[in-house]
Amino acid sequence: MRVLVCYPIKTLVNSFIPAYCDVLTVEKETELASIAARYQPQVAVFFTDAFTRQVWEWVPEVFSIFLPEIPKVFVATHHDHAFVKKIVEDKGEQRAYVLPAGLTYAEIKEQLAIILEDRLSTVTHQQMEEANGKVVALLSYGSAGVTTFSINYPVLLARRLPSAKIAVIDMNVEKPDLTKFFQLKELALFRPDLIEPNFAEKRNWMSLFTQSKIAKNLYYAGGACKWKAYEISSLLNVLRSRFDYIYVDWGFCFPETEGLHRLLGEADQNLFFVRADPFSFEHANQWLQKWEIKGIKQHILISQLDREESSSYRVRENGQVYGVLPHVPDARVSHSHRQRSILVEEFLPPKKYKSSLLQLVEAEQRSVMRELRYADIQG
């Protein structure tokens, strides 16, 4: 694979470029266009500190020099990162990637290896069209236990359904705690591949997921960014073909974005987490009514419940409650997050919380069995 690299120190290039690449280094930006025309690279990598001009001057020129289908990877300094990312997003170019700032040579090499993957995915076009994995969106107005649920519930579900492939995606832009907890890879880096279906099909998406050490059928990925509506649609289609369950930790449902609207419209189940207090229930009912008018159904998952209250009973009467999770002391949750300890896996787990999660798992298992029986009858 021919790779053109714009970097000011030629002798260091082999430190961050995969060994299987045939590399040509451009040390002077004035030579970029002429060398690219002669070399005809299959991939181009640009370090912003190799350019003397401002990024908003030379980045647009790069797109005019190289064909859209050629992967273009930008490695920016902390100072330039936000500018480069904004220019790339505004251009909407195919196959243009901006690596996170501050990566080591080893980390850059790892990211480039993923981007440069040229192998076709094992998923065929027909399988993409027949994708039927279940997407569950997890949302709240904040501090309602979405992250704790995303860490613990999928573990229990994965063990109860060992043949099911389960994914958990952290899309919480304001607080990507799940990404920090599991130290996840950045799924959002590959948003350009979602522009065209053929690019989406070729990407080996499984390489971007971190496999759980506890349950081998459980996978995690970070995706905290401002997703566009079409990107959500393409990504969900990709994930449905690879997983049986996809849990999307969207977190805060404000401010509302086009990505959130698309997720709510295309998810198979929307779970709105609500703290067990009167004000939270009032806002939850308003949220439900708002989306019910638009034809989008949602369920409430009541969390942090210390005791039965009249307000929770009124919500139950609406038939909207999916489940109830008891209160877990804040100190216990904070310690778990700091130590990266999964509550349900601890030697002395919070019994009521684990029991409540198991009830939800059992309900999902019964649902699967009903679907299998129905399929047998239809067959």
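**A serine in a helix, and the sheet**

Guide: In this predicted model, Ser233 belongs to helix α9, which comprises residues 229-240. Ser233 is buried, because its relative accessible area of 18% falls under the 20% limit. Once the neighbours within four places in sequence are set aside, Ser233 is in contact with Arg262 and Glu266. Polar contacts link the side chain of Ser233 to both residues: the side chain of Arg262 is reached at 2.6 Å, and the side chain of Glu266 at 2.7 Å.

The sheet may now be considered. An open sheet is built from five strands with parallel pairing, and their order is β2-β1-β3-β4-β5. On average, neighbouring strands are turned by 20 degrees against each other, direction ignored.

Strand β1, residues 2-6, runs parallel to β2 and is joined to β2 by five bridges. Within this pairing, Cys6 has Val26 of β2 as its bridge partner.

Two helices are to be described with the sheet. Helix α1 (residues 32-39) lies across β1, β2 and β3 (43-47), and runs at about 175 degrees to β1. Helix α4 (residues 105-115) packs on the sheet and touches β3, β4 (72-75) and β5, its direction making about 160 degrees with that of β5.

Methods:
Residues numbered from 1 in each chain as written. Predicted model: local features only at pLDDT ≥ 70, side-chain atom pairs only at ≥ 80, totals over all residues. Heavy atoms only, no water. Pairing = 2+ DSSP bridges. Helix = DSSP H or I, 4+ residues; strand = E, 2+ residues; numbered from the N terminus. Axes fitted to C-alpha atoms, helices over the stretch in contact; angles between N-to-C directions. Contact = heavy atoms within 4.5 Å. Buried < 20%, exposed > 50% of the residue type's maximum accessible area, 1.4 Å probe, protein only. Polar contact = N/O pair within 3.5 Å; in protein donor to acceptor, adjacent residues only side chain to side chain.
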